[in-house]
Amino acid sequence: MRRCRYRGQGKAHIQHVLTAIAVNIERLSGLPSDEETPAPRRPNAFQDYLDQREIPRLKSWRTLGS
């Protein structure tokens, strides 16, 4: 990206955006597959507090204890 192929701020911006997209695709292709999902995390102190008082948690907070 040190040298742009195109002249003009608009065209250079498009080239930078497309280059960033390509870099991100390369990074995503290197991530582990979904088969290797990490183990769920333990509840934090706030989630323990909610559990002790039998207050329902959000679905996104579901972990080992619930």
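**Exercise 1.** Classify Y49 and F46 as buried, partly exposed or exposed.

Solution. Y49 has a relative accessible area of 40%. Buried means under 20% relative accessible area, exposed over 50%, and partly exposed in between (1.4 Å probe, protein chains only). Y49 is therefore partly exposed. F46, at 45%, is also partly exposed.

The model is predicted: local features need pLDDT of at least 70, side-chain atom pairs count only at pLDDT 80 or more, and totals for chains, interfaces and linings use all residues. Residues are numbered from 1 along each chain as its sequence is written, and side-chain values use heavy atoms, with hydrogens and water left out.

**Exercise 2.** Describe how the rings of F46 and Y49 are arranged.

Solution. A pair of aromatic rings is described by the distance of the centres and the angle of the planes. Rings of Phe, Tyr and Trp (its six-membered ring) pair if their centres lie within 6.5 Å; planes under 30 degrees apart count as stacked, over 60 as edge-to-face and the rest as tilted. The count by this rule is 1 aromatic pair. In that pair, F46 and Y49 are 6.5 Å apart centre to centre with 15° between the planes, hence stacked. Both residues lie in helix α2 (residues 45–52), 3 residues apart, so about one helical turn separates them. Helices here are DSSP runs (H or I, at least four residues), numbered from the N terminus.

**Exercise 3.** Place L18 in the fold and state its exposure.

Solution. L18 belongs to helix α1 (residues 9–29). With a relative accessible area of 53%, L18 is exposed.

How values were computed. Helices (H or I, at least four residues) and strands (E, at least two) are DSSP runs, numbered from the N terminus.
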